[in-house]
Amino acid sequence: MSTLDQQLATASAGIPECVAAGYVDIQSGMLLAIKTVDSHPSEVIDLVAAATGDLFAGSNVTAIEQMFNKSRGLAASDHHYFQEIIVNSDNLIHVFLRGKRYSNYVAVFVCRKSANLGMVLTKARMAMPELESKV
């Protein structure tokens, strides 16, 4: 098991009711590490990585960021406006956190809906520096 896999397992163990966690390179669309309590078909896992890339670096998101820069009179830059995305589904909370050191990497944490969202966010944010140090 790689150090990234180990750190992802440690992070997910510390996040309330976390049932899955992943680390995605949104530039390549690759899932670099995953930890789940259930097994999932590889097609589903591949789609999660691709969807994560779309959420943070899809053409519409990129266009919005460029418009923000233009409206503020800023030159094009590598700054990204979307840092965290929370998606609530029927039974789960999905938290997507862009890396601060490496903005092309996104951590994904999936927790049961009964988890306290504030604690999920706090623990997920606290896990990011260690995760980023393992890339």
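I began with a strand pair: β3 (residues 84-88) and β4 (residues 92-98) run antiparallel, joined by five bridges. For the record, two strands pair if DSSP finds at least two bridges between them. Helices (H or I, at least four residues) and strands (E, at least two) are DSSP runs, numbered from the N terminus. A hairpin of three residues takes the chain from β3 to β4. I also looked up one bridge in the pair, and Ile85 has Phe96 in β4 as its partner.

A note on what I'm reading: this is a predicted model, where local features need pLDDT of at least 70 and side-chain atom pairs count only at pLDDT 80 or more, while totals for chains, interfaces and linings use all residues. Residues are numbered from 1 along each chain as its sequence is written, and side-chain values use heavy atoms, with hydrogens and water left out.

**Salt bridges**

How many salt bridges does the structure hold? I found two, taking a salt bridge as a side-chain nitrogen of Lys or Arg within 4 Å of a carboxyl oxygen of Asp or Glu. One of them brings Glu84 and Arg125 together at 2.7 Å, N to O. Glu84 belongs to strand β3 and Arg125 to helix α4, so this pair ties together parts that are 41 residues apart in sequence.

I checked how covered these side chains are, with buried meaning under 20% relative accessible area, exposed over 50%, and partly exposed in between (1.4 Å probe, protein chains only). Glu84 is partly exposed at 34%, and Arg125 is partly exposed at 43%.

The other bridge I looked up is between Glu130 and Lys134, at 3.8 Å, N to O. Glu130 comes out partly exposed at 40%, and Lys134 is partly exposed too, at 31%.

**Aromatic rings**

Next I went through the rings. Rings of Phe, Tyr and Trp (its six-membered ring) pair if their centres lie within 6.5 Å; planes under 30 degrees apart count as stacked, over 60 as edge-to-face and the rest as tilted. By this rule I get three aromatic pairs. Why does the pair of Tyr23 and Tyr105 count as stacked? Their ring centres are 5.8 Å apart and their planes sit at 10°, so stacked is the label. Tyr23 is in strand β1 (residues 18-25) and Tyr105 in strand β5 (residues 105-112), so the pair ties together parts 82 residues apart in sequence.

Tyr105 has a second ring partner in Tyr102: that pair is edge-to-face, 6.0 Å centre to centre with 85° between the planes. I noted that ring pairs link Tyr23, Tyr102 and Tyr105 into a cluster. Is each of them buried or partly exposed? Tyr23 is buried at 0%, Tyr105 is buried at 17%, and Tyr102 is partly exposed at 30%.

While on Tyr23, I took a C-alpha distance as well: Gly99, 76 residues away along the chain, is 9.9 Å from Tyr23.

**Around Phe68**

Phe68 sits in helix α3 (residues 59-71) and, at 31% relative accessibility, counts as partly exposed. Together with Ile64 and Met67, Phe68 makes a nonpolar surface patch of about 260 Å². Patches are made of residues with over 30% relative accessible area and no salt bridge: like charges are joined within 9 Å, nonpolar side chains (Val, Leu, Ile, Met, Phe, Trp, Tyr) within 5 Å. The areas come from the Shrake-Rupley method with a 1.4 Å probe, and for residues only the protein chains shown count as cover.

**Two loop residues**

Glu17 is in the loop between α1 (3-14) and β1. I flagged Glu17 for its phi, near 55°, a positive value in a residue other than glycine. Most residues other than glycine have a negative phi. Glu17 is partly exposed, at 32%.

Last entry: Lys113 is in the loop between β5 and α4 (117-133) and is partly exposed at 40%. From Lys113 to Ser133, 20 residues along the chain, the C-alpha atoms are 29 Å apart.
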